[in-house]
Each structure stands twice: as C-alpha cells, then as structure tokens.
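Please keep the sequence and the model in view while reading.

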Amino acid sequence: GGISQSNIIPSYAKTRDGKFEQCGLFTGVVRIQGGGFVGCRTKALKQPLNLGNATGMYLRVSGDGKRYKMNLRTSQQSSETVY
C-alpha cells in the first residue's frame with residue numbers, strides 16, 4: 001500500500017528431506033511512513049478450482065519472525081466473506 005512495494009514470484013524451496021519444491025515467494029519493501037503495509041493479489045483463475053470434496057487447506061510457511069496475514073476467498077464476488 002502507498003509507497004510500499006511487494007510481489008509474489010514463482011520460486012523453489014528446499015524441503016526437510018533436501019528436495020526442492022515449487023512455491024510462491026512473497027517479497028517486498030515496507031515503508032512505515034503513511035501506513036506501513038504491503039499487499040498482493042493474484043489474478044482470478046480462468047477455471048475455478050473445484051475443492052468441493054476438500055476438508056481443509058495445508059500451507060507450509062517460513063518467515064522472518066514478523067506477523068503476516070493471508071486472506072482467502074471462496075467466491076469471486078467482492079461481497080463474500082473473506083477468511
């Protein structure tokens with residue numbers, strides 16, 4: 001937001017067993033004057049994922065000790081609940 005800059009780029013991360021797996025890398029510069037936050041959005045998928053049989057979602061994250069927030073939507077409508 002504001003004068004901050006951020007991006008999500010395709011990357012690879014080393015797993016605990018030494019293999020590499022594809023991931024998304026969130027990177028950016030936060031300017032604390034005028035708000036101090038960054039955000040990224042992905043483009044809507046042309047064909048939405050059918051997760052009707054899913055019972056949950058698994059995220060494996062690593063960070064720098066700072067607090068981050070991730071919002072997930074279940075619809076493309078802006079009025080729907082954000083998780």
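Which residue in β2 is the bridge partner of Ser11? The bridge partner of Ser11 in β2 is Cys23.

**Basis of the model**

This is a predicted model, in which local features need pLDDT of at least 70 and side-chain atom pairs count only at pLDDT 80 or more, while totals for chains, interfaces and linings use all residues. Residues are numbered from 1 along each chain as its sequence is written, and side-chain values use heavy atoms, with hydrogens and water left out.

**Overall form**

The protein chain has 0 helices and 2 strands. Its radius of gyration is 16 Å, well over the 12 Å that the globule rule gives for 83 residues, so the chain is more spread out than a compact globule. The radius of gyration is taken over C-alpha atoms, and the globule rule is 2.2 Å times the number of residues to the power 0.38. Helices (H or I, at least four residues) and strands (E, at least two) are DSSP runs, numbered from the N terminus.

Along its principal axes, the C-alpha trace spans about 45 × 45 × 20 Å. The chain exposes about 8,300 Å², of which carbon and sulfur atoms supply 51%; accessible areas come from the Shrake-Rupley method with a 1.4 Å probe, and for residues only the protein chains shown count as cover. Of the 83 residues, 5% count as buried. Buried means under 20% relative accessible area, exposed means over 50%, and partly exposed lies in between (1.4 Å probe, protein chains only).

**The two strands**

Strand β1 (residues 5-14) and strand β2 (residues 20-29) run antiparallel and are joined by 10 bridges. Two strands pair if DSSP finds at least two bridges between them. Ile9 has Leu25 of β2 opposite it.

The hairpin of β1 and β2 has 5 residues between the strands, and Gly18 there takes a positive phi near 90°. Thr15 also belongs to the loop between β1 and β2.

**Surroundings of Thr15**

Is Thr15 buried or exposed? Thr15 is buried, because its relative accessible area is 18%. Its side chain makes a polar contact with the side chain of Asp17 (2.3 Å). A polar contact is a pair of N or O atoms within 3.5 Å; within protein, one must be able to donate a hydrogen and the other to accept it, and residues adjacent in sequence count only if both atoms are side-chain atoms.

Neighbours within four places in sequence aside, Thr15 is in contact (heavy atoms within 4.5 Å) with Glu21 and Arg60.

**The segment after β2**

Gly35 lies in the segment after β2 and counts as exposed, at 53% relative accessibility. Gly35 and Ile3 are 32 residues apart in sequence and 9.1 Å apart in space, C-alpha to C-alpha.

Val82 also has its place in the segment after β2. Val82 counts as partly exposed because its relative accessibility is 36%. Not counting residues up to four places away in sequence, Val82 touches Asn71, Leu72 and Arg73.
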